[in-house]
Amino acid sequence: MSNPTESATPRLDFIREFIANDVRSGKNGGQVVTRFPPEPNGYLHIGHAKSICLNFGLAEENAPNSRCHLRFDDTNPTKEETEYVDSIMEDVKWLGFDWGTHLYYASDYFGKFYEFAEQLITKGLAFVCDLNAAQMREYRGNLTEPGKPSPFRDRSVEENLDFFRRMRAGEFTDGSHTLRAKIDMASSNLNLRDPVLYRILHAEHHRTGNEWCIYPMYDFAHPLSDALEGITHSLCTLEFEDHRPLYDWLVENVDGLPSRPVQREFSRLNLNWTVMSKRKLLRLVKEDRVSGWDDPRMPTLSGIRRRGYTSAAMRNFSKGVGLTKFKALTDYGVLENAVREDLNKVALRRMAVLRPLKLVLTNYPEGQIEEIEAPNNQEDPNAGMRKVKLGRELYIDQEDFAEVPPKDWRRFTLGAEVRLTNAFCVICTDVIKDDAGNVIELRGTYDETTRHGKNPEGRPKVKAAVHWVSAEHSVTAPVRLYDRLFTVDDPDAAAGENGDFVDFINPKSLEVIEDARLEATLGEAKPGEHFQFIRVGYFVADSKDSQPGSPVFNRTVSLRDGFAKGK
């Protein structure tokens, strides 16, 4: 029989088990030092959140003998910008993590990298190659054929040092020379077939300016940065698994490194209904198919933050998807459900009528205004109550009226009785139309005996309730209804080899309602404040376009998953 105590203990994922074994054995003095090392060449997306939560989360779990570094692997000056650096720092902080004093840049180590490169040359483990990119691909071979040694592979140490120093001095043009490791051109791992360590780039760097005209490759800088910073566990996504032998080769062959980090890989987060390639996201921005990197339809962290996703929801989602060693696809609905679950607990309830239809209560005294008490959040006993003004003229949503009702219709139609949320029951007695036959107003009478959810004995029970706002005391505001950016769950697969993923952009991914009528207090909503519009969905006051007293609302997520139900 199994031990109940053992079965109740949560099983660690393979990364945490690996780290726990190191801690138990006293390796690295029991320290756990991780890092999140983005390249500042774009905005972070949802997939990065998993890595951020893992690396910073492991540091928190193993405190106090642990830390997590934020390091920018800024080795390509042609694609990197300070704008991206700033946005990445903002994203990490938004997720609730703090690197403290441990903010680093690969460019901090450019001098050290150069010394290490000369060291490898001196050891006969690196050489300057004159092959261009096309020739290098030809010499490299493929998965079934070994590569051929570069004709420059056997240059002397003195000659290689001379060429490399002249590269550093700016004597040569871009692409004319590279520094390559001398490993094994017959290796079954193509990453070990004399990979490039340095290339010439006459480009201004966002931090070092024009100090350098040669720059280290990512695969060279990354492991050496880890070693220089004392990283104990370098955690990467699966596409770097084949790069691990090169990582280890560099750590083993460079002298003077203060630590010997180890690399381990886990599956990256893949979501359907979107794309998460930086190149494709950049194209969406450059071609004005979205309003920017922070467009609420984008899977960037700045985009989902503006849409109203919460950091707590993202942390819970990242934890929930878990860690595996195999490629997996997560349904976008799982993320949306995590957002709903968090907002259900924290979002204030308010009434908002997106498509207003006037309702006049003909038996309600003209000029009389009363205040109805309504809960701010039924899920939070401490949220308290609010008062909502009610008078003779109200607005309900057009979708809550049907002149010719379908089967099982329970909302307003001529002669039908419906409860107004937190108020009383109303029966529709008249329908007013304009000259074109459009319904422009409803009239009805209310039943005083049905206030506060009461239903007098013997009276038929009303089965539906609709939300409403006072015509006189509501405010108008723009409401943006965001939906998924693509019409198919896998835009790349739908495009195939000859198609284009942008052909599947959802033309209905954004609908703007300019004249929604909202509870009066929503007129004072602050940017970033979350609400549940009762019976409609979860919304946030836009952090960019809202002004004091003039908020703009973004739909964060619907109350239910419409796509799952064949919307």
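Helices α2 and α3 are oblique to each other, a word used for angles that are not under 35 degrees (roughly parallel), over 145 (roughly antiparallel) or 65 to 115 (roughly perpendicular). This is a predicted model, in which local features need pLDDT of at least 70 and side-chain atom pairs count only at pLDDT 80 or more, while totals for chains, interfaces and linings use all residues. Residues are numbered from 1 along each chain as its sequence is written, and side-chain values use heavy atoms, with hydrogens and water left out.

Two packed helices are described by the angle between their axes and the distance between the axes. For α2 (residues 14-25) and α3 (residues 46-61), the angle is about 40° and the axes are 12 Å apart. Helices here are DSSP runs of H or I with at least four residues, strands are runs of E with at least two, and both are numbered from the N terminus. Axes are lines fitted to C-alpha atoms, for helices over the stretch in contact, and angles run from 0 to 180 degrees between N-to-C directions.

Which residues of α2 and α3 meet? From α2 come I15, R16 and I19, and from α3 come L54, L58 and E61; contact means heavy atoms within 4.5 Å. Of the residues in this contact, four are nonpolar, two are charged and none is polar.

A nonpolar core is a set of buried Ala, Val, Leu, Ile, Met, Phe, Trp, Tyr and Cys residues joined through side-chain atoms within 4.5 Å. Buried means under 20% relative accessible area, exposed means over 50%, and partly exposed lies in between (1.4 Å probe, protein chains only). This core has 38 residues, and those with the most contacts inside it are I46, I52, F56, V92, M314 and L335. Leaving aside neighbours within four places in sequence, I46 is in contact with residues including L269, M276, I304, F317 and L335. A second, separate core has 37 residues, among them Y104, L120, F164 and Y198.

The loops hold some backbone details. In the loop between α3 and β2 lies P64, and the peptide bond from A63 to P64 is cis, with omega near 5°. N28, in the loop between α2 and β1, has a phi near 60°, a positive value in a residue other than glycine. R535, in the loop between β23 and β24, has a positive phi near 70°. N28 counts as partly exposed because its relative accessibility is 34%.

How values were computed. Ala, Val, Leu, Ile, Met, Phe, Trp, Tyr, Cys and Pro count as nonpolar, Asp, Glu, Lys and Arg as charged, and the others, Gly among them, as polar.
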